[in-house]
Amino acid sequence: NKMEIIIVSLVGLACLKLIRLPQPLKPPFKTVCLLVCLVAVFPVAADETNGVPIDELGPFHVRFEKISQKQGLSQSTVNDIIQDRQGFLWFATQDGLNRYDGYTFKIFRNEVGNPNSLSHNFVTCMYLDAKGIMWLGTDGGGLNRFDPRTETFTHFRHDENNPGSLSHDHVNRISGERGGILWIGTRGGFN
């Protein structure tokens, strides 16, 4: 009944340390209470929905929407996805960088002769820094810095004559930390 669910929910919240109980719960009891809370409050199987269709369960319902080339995505293999501060979704694909506003796509690709375009169309990974600047790894084009205000790219490539340059032009991962420090994983090592 509803009272049992409320009690189990309160104990579950206490397990998650979202509310305080007079005495802390011991580890075995804590785990059991949390599991009971999850099963009681969040139905995990159709049998536990009391005959209510899964699509009518309200806030616990998950729905997937397909976005593909049919809707304007440049290529069907998506390597990474991020959302910026303006709410745009960005997709790293093997055929450029795709910006999605919920209705249409804008695609950024390498443009021969344009040094401010994407260095390589195969985008492997992305990272959005604290200033809203997007960093893109490519498969053969090194690292790109994308400024969303100007919609231009700055390239950082491997240069065998410069030991301070990127160690390889294939970038696998990008991560960052406070202070603007970027960590770049490439086929040639960690930068």
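Let's start with residues 28-48, where pLDDT stays under 50. This is a predicted model, and for that stretch it has 23 contacts beyond four places in sequence. Residues 1-22 also have a pLDDT below 50, with 22 contacts in the model beyond near neighbours in sequence. How should you treat such regions? Where pLDDT is low, the predicted coordinates should not be read in detail. For the protein as a whole, the mean pLDDT is 79, and 68% of the residues reach 70 or more.

Now turn to the inside of the protein. Its largest nonpolar core is made up of twelve residues: I82, W90, A92, L97, F108, L118, V123, M126, M134, L136, F146 and F153. Which strands each supply at least two residues of this core? They are β2 (89-93), β5 (123-128) and β6 (134-138). There is also a second, separate core of eight residues, with C125, L143, L166 and V171 among them.

Leaving aside residues up to four places away in sequence, F153 touches L97, F108, P115, N116, S117, L118, L136, N144, R145 and F146.

Finally, look for E151 in the loop between β7 (143-147) and β8 (152-156). E151 is not a glycine, yet it has a positive phi of about 55°.

Conventions
Residues are numbered from 1 along each chain as its sequence is written. This is a predicted model: local features need pLDDT of at least 70, side-chain atom pairs count only at pLDDT 80 or more; totals for chains, interfaces and linings use all residues. Side-chain values use heavy atoms; hydrogens and water are left out. pLDDT is the predictor's confidence in each residue, from 0 to 100. Contact means heavy atoms within 4.5 Å. A nonpolar core is a set of buried Ala, Val, Leu, Ile, Met, Phe, Trp, Tyr and Cys residues joined through side-chain atoms within 4.5 Å. Buried means under 20% relative accessible area, exposed over 50%, partly exposed in between (1.4 Å probe, protein chains only). Helices (H or I, at least four residues) and strands (E, at least two) are DSSP runs, numbered from the N terminus.
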